[in-house]
Amino acid sequence: MITFNYIASFFLIALGLYCIVTKYNLMKTVIGLNIIDYGVNLLIIAVGYNHGGTAPIFTPGELNPGSFFVDPIPQALTLTSIVIGACVSAMSLALVIKLYESYGTLDTRQIRRLRG
Amino acid sequence: MITTILLDALQYLGYILIFPGFLFCFLIGMLLCGIDRKLVARMQKRVGPPILQPFYDFFKLMGKETIIPAQANRTVFLVAPLFGLAALVVIQMFIPIFSFSAFSGMADIIVILYLLLIPALSAIMGAAATGSPYAGVGLSREMVVIISCELPLVMVLLAVAKTVGDALGVGLCFSLSDIAAYQAVNGSLITKLSMIPAALAFMMVIPGETGNHPFDAAEAETELCEGMLAEYSGAPLGVYKLSHAIKMLTLTSLFVALFLGGLGTGIVILDAIIMVVICVVLTAVCISLVHAITARLKIEQIFKYYWTVVSGLALISLVLAWYGL
Amino acid sequence: MNFFDYHHFPVYSIMVLFLGAFLIVLMGKNKTVRNIIAFAAMACSVACMLALFKPVMLEGEIISYWMGNRSIAGGYAIGIALEVDALGLFFGLLISSVVFVAGLYSFQYMSHDDNQQQYYTLFLMLAGGVMGLVLSGDIFNMFIMIEILTFAAVALTAFRNQVYGALEAAFKYLVVGSIGSTCILVGITILYAQAHTLNFAQLSLLIPGNLNNATKLAFALLYIGFSTKAFLVPFHPLAADAHGAAPASVSVLISGVLTKSGIYGIIRLTYFLFQTMGLGSMQFMLVFVGCVSMFVCVTMALAQHDFKRLLAFHSISQIGYVLTAVGLCTALGISSGLYHAMNHTLFKGLLFLAAGAVLHETGTTDLGKLGGLSKKMPQTTILFLIGAFSISGVPPFNGFASKWMIYQATYQKAVESGNIGFLLVTVICLVTSILTLASFVKVSQSVFFGQLPKEYENVKEVGLGMRFAMGLLALACIVSGLFPELVTTYITEPAAAAVFNVGNYISAMGFDGSAVAAGTVSFESVGVWTPVSWLLVLCIALLAITIVALAGKYDRVSAHEGGETVDTKYQLFYGGEENVFSQVGGDDLFWGFKHNWKGYFNFMHDMHSGIVNDYALWAVVALALAIVFTQIVL
């Protein structure tokens with residue numbers, strides 16, 4: 001079961017990279033970045049998964065010897081990663097807006113003043 | 001105690017100012033320059049100037065008015081030639097005369113390689129400071145000539161370092177005095193098979209480094225009006241002429257130190273005379289003869305020549321040295 | 001609890017920067033308040049680092065510090081830890097001092113820009129991010145810091161968004177930088193899945209003996225991530241774009257600080273985390289990438305016609321030197337590499353500040369438009385020349401000292417390993433050095449010398465604050481070049497020794513690192529170079545020559561009599577042609593060189609197409625190659 005998570009996450013990362021490499025639209029580039037991000041989040045969560053584990057919320061009294069948690073650290077990492085992903089989106093979208101204002105296009109093939 | 005320090009200081013001052021420093025460089029460099037001019041003239045069936053002509057030229061220039069162009073950067077314009085000359089004198093002191101070296105343990109061959117840049121670099125800076133378009137073209141060509149010479153020179157020096165290091169059993173030897181000491185015992189390096197291409201390559205580098213025919217595209221009197229020296233006059237021009245003369249001595253004596261180190265006798269004065277004689281012969285072969293029989297190359301031809309023919313020779317030598325031949 | 005115990009200082013040096021950023025957002029409306037806060041934050045950070053010099057560098061203590069007073073529980077080190085060894089402190093010291101100088105410079109340099117509040121916030125965030133990265137002992141914390149510094153750097157690149165290309169550069173940097181950061185995150189996740197810890201010391205204990213396909217993949221991912229941060233080939237176009245577009249004070253940080261953080265990451269990755277540097281193939285990988293970076297970027301720089309873009313390519317070229325030296329895996333190699341990293345920060349900072357001074361006064365950095373500024377900006381010219389001579393390795397400046405050590409290290413490596421390839425490395429290093437000199441001759445000819453265009457006749461020297469900052473760096477360049485022995489003995493050799501002593505690093509965190517063998521550390525080099533005595537000799541010779549020159553009849557006639565040129569003899573020689581503006585410079589200065597290589601130069605020009613997809617493709621290809629390579633050889 002968990003193998004599918006790994007496959008899906010690497011598929012998402014590859015899909016995002018494919019999107020960035022082949023699509024000539026700035027918006028699609030940003031979308032590609034986001035897809036990569038989802039893939040990474042899925043991967044982190046999958047790493048922390050324990051079969052049959054419950055949510056890692058510690059409340060005294062509830063904890064009995066038979067039950068156990070999924071690994072809480074990857075969940076914390078995922079939260080951080082989600083925040084960072086949001087930052088990437090926000091920053092890149094802001095740049096896309098400014099780029100559209102000054103270049104009048106979203107085509108990456110036109111946005112190449114700096115080259116050579 | 002104090003007297004020994006004073007005596008030491010006096011001795012080093014003597015090294016710097018008289019032998020093998022400034023005065024020695026001045027006299028021998030100018031002599032080489034005069035011999036070169038005479039030889040070229042004779043090869044071209046001209047009478048040629050007297051051998052002492054460079055001395056007369058130099059003293060005449062020192063007495064002339066120095067004109068600083070209005071738009072030049074005065075400081076750089078005036079200081080640059082002095083730095084170049086001083087650097088050359090210092091290099092000359094690091095190059096051992098067979099077993100005698102004035103300052104050992106201060107610099108190795110990599111340092112020499114870089115110090116050789118300083119005269120050219122100061123000439124470039126001085127030329128750039130004038131703002132003259134002739135100087136601009138001249139300095140750009142000079143820089144390309146430096147780049148051209150660098151690759152073969154590097155490989156020659158590394159080959160020498162490897163050969164001597166192998167023989168001494170330490171793997172590598174960058175120190176010039178160790179190279180000299182090794183040759184004093186085991187005979188000149190040129191007798192080794194691997195060093196013959198290196199010596200040839202170095203001989204080809206000599207005219208390029210000194211900016212002599214056919215590699216004088218940077219000065220090119222006929223098209224660039226002396227290029228980098230176009231705006232110079234009076235004393236600074238004299239200093240440049242002197243630097244050029246000393247550079248001949250530096251490179252030829254470096255050749256002696258690297259490849260012919262086994263000819264020394266152990267007596268300093270005799271050694272110096274032997275070295276000067278070899279330098280004269282080398283100048284005659286590498287500079288005068290080549291000058292007389294060739295026409296000036298274009299700058300891109302110079303580059304191609306050095307990075308293919310000369311570098312190829314140096315590379316052969318490096319590979320041979322690597323396998324200990 | 002004693003707040004002035006030096007064990008707290010690593011935290012302080014990071015926190016003051018973030019605190020400063022926070023305070024500037026809150027109350028930085030007023031210029032004076034803002035500057036005071038920024039100055040205080042940067043000064044505190046430097047002071048904390050300096051105070052650690054004695055215990056860490058000289059006495060060899062390794063400071064490990066747990067945030068929130070946690071400790072190792074159940075054999076697993078979970079929690080945020082800082083760990084400062086000599087290597088970390090070396091980078092920390094370097095970074096905090098450059099940040100300080102760049103900050104001083106920006107007080108005047110940025111004074112005409114609006115939104116300065118945001119500028120200083122981002123500036124301090126960037127500085128704090130890098131400090132956090134190099135002092136961190138926790139790999140996920142490292143990732144967070146990398147993200148912070150990447151965002152700050154992207155935002156600062158686009159800060160002057162009216163500048164030609166700034167937005168574009170920022171976007172490209174963001175896209176490829178994000179791919180790099182993602183690689184790091186995935187690598188960290190895989191490591192966590194394998195070792196169940198994020199602590200650097202514990203990972204260094206657990207990973208090396210237990211390499212499997214997953215950890216090899218993690219190695220490749222982390223390597224690509226850190227090389228994105230160091231802008232190594234094939235990520236160099238981003239550096240060129242970002243440096244060129246950012247304000248000069250930020251370019252200093254990007255080139256002097258960000259690239260160093262990438263190098264730091266690579267050292268930690270290869271020498272500590274995986275301890276794979278003993279393998280010939282790993283040495284080959286780093287040296288190969290280093291040499292390619294060195295050579296490709298120096299030739300790219302020769303073809304540039306923008307001052308800052310040219311400097312940016314040189315930056316990566318010098319980082320190539322550092323990586324090459326580090327990749328040799330000899331004590332001398334690492335010591336020289338770190339020395340060069342330090343020198344690169346100093347001289348490249350100086351050069352960027354000089355470029356900023358030119359931009360500040362003339363409003364352009366286009367080499368084709370500038371010229372003859374040495375008469376108008378004499379002090380900047382001298383400072384620029386010091387930087388240029390340093391980077392091109394003219395003795396006795398610092399660039400020479402470190403490059404000289406690198407040549408020895410590479411050649412020694414060649415002889416010791418009997419591998420003829422390293423011989424080629426020495427040759428490439430030496431040739432790159434001369435090409436560097438060539439391109440700086442080009443810059444000095446096209447910007448500071450040559451003819452002054454009409455529109456720059458009223459250009460003035462820059463203000464004292466900017467000159468002071470440049471002067472500090474120039475002084476550091478000269479001093480670190482004149483006393484190479486002091487620098488190596490007290491700064492780089494302890495740091496290099498730390499690299500070979502991973503066991504201590506692990507033990508300091510509370511694990512048993514005694515099983516990790518300490519490498520043999522010998523800093524012997526074959527060459528000799530004593531700059532001070534050389535300089536003494538040079539000075540005496542110079543003095544003698546000056547006296548002789550002055551003793552002759554030496555009529556120095558001043559050209560200016562009453563401000564106007566009175567005589568035509570003081571005008572330039574034009575061979576009878578009309579005196580029109582004839583500045584030689586810019587693109588075609590080294591025509592003779594380029595002509596022979598025109599195929600190569602045209603190819604490189606076409607390759608650096610400026611399309612973000614291409615750069616992303618390069619990143620993906622590099623990642624694929626790295627993965628395949630590590631799977632095969634590790």
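Met294(C) counts as buried because 28 C-beta neighbours fall inside 10 Å. A residue is buried if 20 or more other C-beta atoms lie within 10 Å of its own, exposed if 12 or fewer, and partly exposed in between, with C-beta atoms placed from the backbone. Met294(C) sits in helix 12 (residues 280–302) of chain C. Helices are DSSP runs of H or I with at least four residues, strands are runs of E with at least two, and both are numbered from the N terminus.

This is a predicted model: local features need pLDDT of at least 70, side-chain atom pairs count only at pLDDT 80 or more, and totals for chains, interfaces and linings use all residues. Residues are numbered from 1 along each chain as its sequence is written, while chains are lettered from A and ligands numbered from 1 in the order in which they are written.

What does Met294(C) touch, leaving aside its neighbours within four places in sequence? The contacts are Ser317(C), Gly320(C), Tyr321(C), Thr324(C), Ile428(C) and Thr432(C). Contact means that the C-beta atoms of two residues, placed from the backbone, lie within 7 Å. His314(C) is 20 residues from Met294(C) along the chain, and their C-alpha atoms are 8.3 Å apart.

**Helix packing in chain C**

Helix 4 (residues 86–109) and helix 11 (residues 248–273) of chain C pack at about 170°, with axes 9 Å apart. Axes are lines fitted to C-alpha atoms, for helices over the stretch in contact, and angles run from 0 to 180 degrees between N-to-C directions. Helix 4 and helix 11 of chain C are therefore roughly antiparallel. That label applies over 145 degrees; under 35 is roughly parallel, 65 to 115 roughly perpendicular, and the rest oblique. Helix 4 of chain C contributes residues including Leu87(C), Phe91(C) and Leu94(C), and helix 11 of chain C residues including Val252(C), Gly256(C) and Lys260(C).

**Helix 6 of chain B**

Helix 6 (residues 117–130) of chain B has 14 residues and should span 20 Å at 1.5 Å a residue; its end C-alpha atoms are 20 Å apart, which agrees. The expected span is 1.5 Å times one less than the number of residues. In helix 6 of chain B, 14 of the 14 residues are buried, so it is largely enclosed by the rest of the structure. Gly131(B) follows this helix, with a positive phi near 80°.

**Chain A**

Chain A has three helices and zero strands. The C-alpha trace spans about 65 × 25 × 20 Å along its principal axes. Buried residues make up 31% of chain A.

**Interfaces**

The table gives residue classes for two interface sides. Ala, Val, Leu, Ile, Met, Phe, Trp, Tyr, Cys and Pro count as nonpolar, Asp, Glu, Lys and Arg as charged, and the others, Gly among them, as polar.

| Side | Residues given | Classes |
|---|---|---|
| Chain A, touching chain C | 34 residues | 21 nonpolar, eight polar, five charged residues |
| Chain C, touching chain B | 70 residues | 41 nonpolar, 23 polar, six charged residues |

Helix 3 of chain A gives the most to the side touching chain C, with 14 residues. On the side of chain C that touches chain B, helix 17 of chain C has the largest share, 13 residues.
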